[in-house]
Amino acid sequence: ARRALEPATLASSKRGLELEAIDTAILAVSDHFKGDDPHLEQSMQDILTRGTELQSKRAAVALGRIHGLGPRKDLPAARAAYRRGAELGQSDCMLKWARCLRDGQGVAKDYAAALRWAQKAAELKEKQAHGFLIFATYRGEGVEADPLRALEMARRFQRDLPGSESSYTLGRLLVASEDPAEREEGMAWLKRSKNANAKATIEAIKERRRGGRAPLKVTLETE
């Protein structure tokens, strides 16, 4: 009993309770969270902010989601949360912060820094980070443009980490090819992918074909 009243033990117990509340808030921030109650949303923001202060990687991600996707958007706060999460070593935050740096979202464009964060995220098995690096190589953002090397990277990505992200990445590069056979191969990879952009890309390609227009180029989109 005496030990339970010691300052260090009390502090540890308080921190444990805080982290428990933080975990509850994190669970509440799902894709279905709409922020209908502004008081609840503010309470969750306060809890998650505290979680970030306690170096909770998951809290940083959830805080960024509330600020970035909630009805009362606060994009500067979302970016700050993603940057903090990246600094704490959270791979999803690393990728989101890399995109901010690449696109100049609230910060000066810095392709080199964006590549460094994306590389760290890829090393932590963040699949979309591999796509980020491949598209950067294709377009020459922070590295010399090399479409052939980017295609090699995409094929290796699909081979080593098969799935929706790698299928989309490989397909997206191939459909921009001047070679009709590669474009057809690219369409096949896109059709395999469940990536949110795959269906829209397929429809855009079909529209261009109906109009007799050139192959769809690889642009920023959400890569």
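How many helices and strands does the secondary structure of the chain come to? The chain has eleven helices and zero strands, where helices (H or I, at least four residues) and strands (E, at least two) are DSSP runs numbered from the N terminus. This is a predicted model, in which local features need pLDDT of at least 70 and side-chain atom pairs count only at pLDDT 80 or more, while totals for chains, interfaces and linings use all residues. Residues are numbered from 1 along each chain as its sequence is written, and side-chain values use heavy atoms, with hydrogens and water left out.

**Overall fold**

- Read along the sequence, the pattern is α-α-α-α-α-α-α-α-α-α-α.
- Of the 223 residues of the chain, 42% count as buried; buried means under 20% relative accessible area, exposed over 50%, and partly exposed in between (1.4 Å probe, protein chains only).
- Among contacts between residues at least 6 apart in sequence, 49% join residues at least 24 apart, a contact being heavy atoms within 4.5 Å.

**Second largest pocket**

- The second largest pocket has a volume of about 340 Å³.
- Of the 14 residues that line the second largest pocket, Gln 119, His 130, Leu 133, Met 153 and Arg 156 are the closest to its centre.
- Helix H6 (111-123), helix H7 (127-139) and helix H8 (147-160) are the elements that give two or more residues to this lining.
- H8 gives the most to the lining, with five residues.
- By residue class, the lining divides into eight nonpolar, three polar and three charged; Ala, Val, Leu, Ile, Met, Phe, Trp, Tyr, Cys and Pro count as nonpolar, Asp, Glu, Lys and Arg as charged, and the others, Gly among them, as polar.
- The search runs on a 1 Å grid over the protein atoms alone: a cavity is a set of points where a 1.4 Å probe fits but cannot get out, whereas a pocket is an open set with protein on both sides within 12 Å along at least five of seven lines, and lining residues have an atom within 4 Å of a point.
- Grid points are joined across faces, edges and corners, and the volume is the space filled by probe spheres set on the points.

- Met 153 lies in helix H8 and is buried, with a relative accessible area of 14%.
- Not counting residues up to four places away in sequence, Met 153 touches Leu 133, Ile 134 and Thr 137.
- Thr 137 belongs to helix H7 and is buried too, at a relative accessible area of 4%.
- Leu 148, in helix H8, is exposed, with a relative accessible area of 65%.
- Leu 148 and Leu 173 are 25 residues apart along the chain, and their C-alpha atoms are separated by 9.9 Å.

**Gly 171 and helix H9**

- Gly 171 is found in helix H9 (residues 164-174) and is buried, with a relative accessible area of 0%.
- Leaving aside neighbours within four places in sequence, Gly 171 is in contact with Gly 186, Trp 189 and Leu 190.
- From Gly 171 to Arg 192 the C-alpha distance is 9.3 Å, for a sequence separation of 21 residues.

**Rings and charges**

- The charged end of Arg 192 sits over the ring of Trp 189, 4.3 Å from its centre; this requires NZ of Lys or CZ of Arg within 6 Å of the ring centre and within 35 degrees of the ring normal.
- Lys 120 lies over the face of Trp 117, at 4.5 Å from the ring centre.
- The structure holds zero aromatic pairs, for which the centres of Phe, Tyr or Trp rings (for Trp, the six-membered ring) must lie within 6.5 Å.

**Backbone at Lys 125**

- Most residues other than glycine have a negative phi.
- Lys 125 is not a glycine, yet has a positive phi of about 70°.
- Lys 125 is found in the loop between H6 and H7 and is exposed, with a relative accessible area of 68%.

Note on methods:
Phe/Tyr/Trp six-rings, centres within 6.5 Å; stacked < 30°, edge-to-face > 60°.
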